[in-house]
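Work through the exercises below with the model open. Try each task before reading its solution.

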Amino acid sequence: MAPTYNIAMVSDFFYPQPGGVESHIYQLSTKLMDRGHKVIIITHAYEGRTGVRYLTNGLKVYHVPFLVIFRSATFPTVFSFFPIFRNIVLRERIDIVHGHASLSNFCHEAILHARTMGLRTVFTDHSLFGFADAASILTNKLLKFTLSDVDHVICVSHTCKENTVLRASLDPLMVSVIPNAVVAENFKPLSPSENPSYPPPARPLGPHDIITIVVISRLFYNKGTDLLTAAIPRILENHPNTRFIIAGSGPKSIDLEQMIEQNVLQDRVEMLGPIRHEEVRDVMVRGHIYLHPSLTEAFGTVIVEAASCGLYVVCTQVGGIPEVLPSHMTVFAKPEEDDLITATGKAIAALRANKVRTELFHEQVKTMYSWENVAVRTERVYNGICGAISEGEFYGYYEGGNSNANSWSATRGRSGVQSFALIDRLKRYYGCGIWAGKLFCLCVIVDYLLFLFLELWFPREGIDVCPDWPRKKRKDSRE
Amino acid sequence: MLTTAPHLYLRRPSPTTAEFTVTTCPPLTIPLRICLLTISLLRAAIFAAAITTIYSRFFHEPSHPSPITSVPVADLLYQGDLLLLASHLLQALHSSPPGQFLASITQPLSNSGLAVIASVITYFSLFTQLHTTESLLVLRGLGIQTSTSSSSFSSPIPNTSDGSNRWRGWKWWFWGTTPTKTRFIPTEKIRDVLINEAFRGFEVRYYLIVIVEGEEDIVVVFPRLLPGRKIVEEVWRGVRGCLYEGDPNHQSLGGSWGQTGTIGRKDN
């Protein structure tokens, strides 16, 4: 029987703020708890949400009071989080620290301090980044710093993995791909008993039935709103019996409104404005096609949700999107105006010809994506880094080549008996760059000294150990 | 040696009464008593020295000869003229060899410097507490009373709720003992007694709280010492046991928690 762990999920982003990362952390934690692990979440304090909280299933959340600077990311101080973090880790007897989201300062700090304290660390990357602009270069450098000494990295798609490996100069072997999932029960297609005035009709769509295209996205540049603005008038011109429903808000919504006014499309394009996550399903089931014009996307949970609602998906072939859904549920387009219009035309034609069995999508998505599965795969990562499963099993064996199990490699040294010795850690950081390497080494040394100081000043014996929430009986692995 | 980590004393004079005292004072053994007595004498000496230096610098008039010999101390006490007695005593201290020595060594200090230093020493010698003691008294059917020794650096007058008991505060000050602050909460006002966790400085602490009906703020028990989880849990069990014993509304809750030993450690 595999061991159970005490896991701390650390991220700047958690409820009450809504979002993809937040729900990922919550769902993953819940399912890991169902598998008998102990999970706590460390995040910063939100308005009206400070201190230690329990969620209904016994999930403990520490809302640490901390300075928030921008879009609920905390101020990057390298060391100031250490004392309180150490206290929480010791009182909860944490074995594994799991950080989320590369823009979260908490997560980076926690990984650094956890390694100093001799804990296993995992990092989950949720987003793609460029390499060219100044902000990306800075973020990438920071990421490289943190990930120099992380035990394992999880990415949400293969594209995201490639991106992360390049950004942080990682050994691809230590990066796993575990996609997001959706709670399929929350995204059911419309049942006949519900509100019969909306589609879908029981009979096949005729050439004069109205087809509704749904777009739900934050209206930012990277979500392809410009593409959408250009494409909508032409799509509506080519296909007379179509309607658009657009939900979401953002800086580009003004462009969309202008487009509607200029082309006098008020009766054919409905703008709903910002909607809550619970309402997404109700909007989706009003349509037949989901259009996703994003320019970059690490995973694209929303297209899984759309397919689960029984919508035919038209999306741009960027980032991790092509990995997400099987080809019979999607029509891909290049991220350009003409191709997007052609693809939408194809989708409309396919629906009118009744070639697509959208009513089967929900069951298919349900079998493909589940949080239980994500938890099982994440647990395997934990087993791998803690040495519960052998290195060979975890990383796979090299074909031929150097079969000596003791040979050193950046990855191999990390599993099971990985050395937490300061000198080994410094070696890893030193390779980060000519100046950066030295700077990082300095930070790590200061962090270590801070750790020794804390051990003296707040001795471990003086910290009360928390009683565990009654753990669930471990379910047998269904692998 | 003089203080220990906070520890708990339990007193149950009757089955319906319990007093939980958390203190940093170690058990009073003979060597400790001697030690504490020495410290008290030392404090008195330091206090006298500080007062004498102030007297010598600011209030002593060299023209007056020492009057202590002319008036017997017993007479002054008998007459109740404490002020005159004090001045006589200070005069005597000033003219004694240690007093002269003090005056000579404080000579280089400026007036204001001496005043500040001597006042600070006086204050600390009077009000420094060695031990902190906080207690919780539970009376079934009546309520609970928390008492805590207030901070040594705050006003020596305890905040009485209605302000009528001013004299009591001054009395505490007069005797130089630790002023205590008490609060009684009647049973019908107690909504619940429970253990909470919160951030405090660089750590997360457990503490016992009483939720009072109709009050915005909760009442923290043992607010200064904030003892560890072991003590807090023991007190919490004791309070529930004493307050709600035989009460079917609360029995189930208190009982089930009591049986598990530590909170929630039922399995593995």
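Two residues are in contact if their C-beta atoms, placed from the backbone, lie within 7 Å. Helices (H or I, at least four residues) and strands (E, at least two) are DSSP runs, numbered from the N terminus. This is a predicted model: local features need pLDDT of at least 70, side-chain atom pairs count only at pLDDT 80 or more, and totals for chains, interfaces and linings use all residues. Residues are numbered from 1 along each chain as its sequence is written, and chains are lettered from A and ligands numbered from 1 in the order in which they are written.

**Exercise 1. Describe how H15(A) and H16(A) pack.**

Step 1. Locate the helices: H15 spans residues 422-430 of chain A, and H16 spans residues 434-457.

Step 2. Take the geometry. The angle is about 150°, and the axes lie 8 Å apart. Axes are lines fitted to C-alpha atoms, for helices over the stretch in contact; angles run from 0 to 180 degrees between N-to-C directions.

Step 3. Classify. H15(A) and H16(A) are therefore roughly antiparallel (over 145 degrees; under 35 is roughly parallel, 65 to 115 roughly perpendicular, the rest oblique).

Step 4. List the contacts. From H15(A) come A:Leu422, A:Arg425, A:Leu426, A:Tyr429 and A:Tyr430; they meet A:Gly437, A:Phe440, A:Cys441, A:Val444 and A:Tyr448 of H16(A).

Step 5. Sort the contact residues: eight are nonpolar, one is polar and one is charged. Here Ala, Val, Leu, Ile, Met, Phe, Trp, Tyr, Cys and Pro count as nonpolar, Asp, Glu, Lys and Arg as charged, and the others, Gly among them, as polar.

**Exercise 2. Compare the annotated transmembrane region with the model.**

Step 1. An unreviewed UniProt entry places this feature at residues 435-454 of chain A. Such positions follow the numbering used here, feature names are shortened, and annotations may be inferred rather than shown by experiment.

Step 2. Check the span. Residues 435-454 are 100% helix and 0% strand, with end C-alpha atoms 29 Å apart.

**Exercise 3. Trace the eight-stranded open sheet of chain A.**

Step 1. Write the order: E3-E4-E2-E1-E7-E8-E9-E10, with mixed pairing. Two strands pair if DSSP finds at least two bridges between them.

Step 2. Find the edges. E3 (51-54) and E10 (175-177) of chain A each pair on one side only.

Step 3. Inspect one pair. E7 (residues 96-100) and E8 (residues 120-125) of chain A are parallel over five bridges. A:Val97 has A:Thr121 in E8(A) as its bridge partner.

Step 4. H3 (residues 105-116) of chain A lies across E1, E2, E7 and E8, at about 160° to E7(A).
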